[in-house]
Amino acid sequence: MKYVKAMVLVVLLISNRDLYAQDTTKVLFIGNSFTSANNLPKLFEMLAKDAGHNVVIASHMPGGISVGDIRQGNQAHMNNPHVYDLIKGNDWDYVVLQDNQGRFSHPYGQFANPVTQSKVIEGHLMIRDSLVHYNPCAQMIWFGGFGTKDGSALGYASGIEAIEAIYANYNFLNDTAQEVIAPIGPAFLRIISGYPAINLWASDNTHPSLHGSFLTSCVIYTTIFKQSPLLSTYNPGISAVNDTLLKTIGYQTTIDSLNFTGLNTITPSIHQWNDTLVINGYQQCSWYYNNTLYGATNCTAVMNQPGTYSAIVTDSNGCLFRTLEYEYIPTNINIAEHIFEQVSIYPNPTTGEFRLSLDHLNGPYSYTISTTNGEVIKQKDLKDSTIVIDVSD
């Protein structure tokens, strides 16, 4: 009996890291110690470069500074000339803006208080408007993050309640701002509930630990590049198991939050018609097959063989947008013309169902899903070249 192990399949899927290698993505980080802790911009940069992306990174992250606190004078990001010099100093594709998360911890729709006199919404809009003025194609990414570990400093009974309040107010902000939220808080909640042994906070229970910062970088990576951080082999110095887990949770949370964060508004959809892929509403698309550029044509592409398809599209204003990856698995493969040479999983990662596909079933084969400790969770003989496996339990 031949066995196909699930952990091996992930390695096969992430072996090619050439996606979009000819493009340069420019990202500016504006924040405070929540961004500078563990050098979040560097973590993001290393993730991206190892996955084959050319990136230019800059940052402004002085400790204790907020976006719109009046009492901070011209040190507050919205009033700081240096912030605006940075914005106009390069044609940024994205600006990640991290405010003091306590400003988002008040009851829903409330931001100011007598002490900080913070102009949260006004400050975010001022920085956004400056960015768009110098580069109309640029996108803001709001840092929808987390508070203290136990939530008590923000008036909550737990860190979970604090994160939920913070994230709700980011959604309130986005009702007006109409940009993109990086769902960092929801990713923290998934780790807290499912993997409590992983501590996302540093010893002060306020700032992120290396695990917390790396999870944050995985969310931002997915938000920008619309693909799994598993394409990158970069590891900041944590266990291999936690590295894979944080990359998986960061990706899955971002994809699951697509319609709530505004990311869907800058993510063109790929539709399939028979053997043709179509992206509606655009005239120019650069298509990629298995992460390698294979054509810059109109926004239709013929699928000649199974694999992963994606595109960078150009709108009428000359702005570029990335699609999610589209996995094509044909149902009419002539088995006699294929030899067994590839195993694929889609979607990957997943917390629900995935499809296991073999190029050629010259069996007998079976699949085995096991924990990292070797405990067998599922095992079954394969009778078809493509099956759906449910791992939601």
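Helix α7 passes helix α9 in a right-handed crossing. In this predicted model, the axes of α7 (residues 184-194) and α9 (residues 240-256) come within 9 Å and cross at roughly 130°. An angle over 145 degrees would count as roughly antiparallel and one of 65 to 115 as roughly perpendicular, so α7 and α9 are oblique to each other. On the α7 side, the contact is made by Pro186, Ala187, Arg190 and Ile191. From α9 come Leu245, Leu246, Ile249, Gln252, Thr253 and Asp256. Sorted by class, the residues of this contact are six nonpolar, two polar and two charged.

Let's stay with α9 and look at another of its partners. Helix α8 (residues 210-225) packs with α9 at an angle of about 45°, and their axes are 8 Å apart. That angle makes α8 oblique to α9, and here too the crossing is right-handed. In α8, the residues that meet α9 are His211, Phe214, Leu215, Cys218, Val219, Thr222 and Thr223. Among their counterparts in α9 are Asn242, Asp243, Leu246, Lys247 and Ile249. The contact of α8 with α9 has eight nonpolar, six polar and two charged residues.

Leaving aside residues up to four places away in sequence, Asp243 touches Phe214, Tyr234, Asn235, Pro236 and Ile238. Phe214 is also one of the α8 residues that meet α9.

Buried residues of α6 include Gly159, Ala162, Ile163, Ala165, Ile166, Tyr167 and Tyr170. What do the buried residues of α6 pack against? Their partners are α5 (120-134), β5 (139-143), β6 (180-182), α7 and α10 (258-261). After α6 comes Gln178, with a positive phi near 55°.

Finally, here is the setting for these helices. The protein has 10 helices and 19 strands. Of its 393 residues, 52% are buried. Among contacts between residues at least 6 apart in sequence, 65% join residues at least 24 apart.

How values were computed. Residues numbered from 1 in each chain as written. Predicted model: local features only at pLDDT ≥ 70, side-chain atom pairs only at ≥ 80, totals over all residues. Heavy atoms only, no water. Axes fitted to C-alpha atoms, helices over the stretch in contact; angles between N-to-C directions. Helix = DSSP H or I, 4+ residues; strand = E, 2+ residues; numbered from the N terminus. Parallel < 35°, antiparallel > 145°, perpendicular 65-115°, else oblique. Left-handed = near helix turned anticlockwise from the far one by under 90°. Contact = heavy atoms within 4.5 Å. Nonpolar A, V, L, I, M, F, W, Y, C, P; charged D, E, K, R; others polar. Buried < 20%, exposed > 50% of the residue type's maximum accessible area, 1.4 Å probe, protein only.
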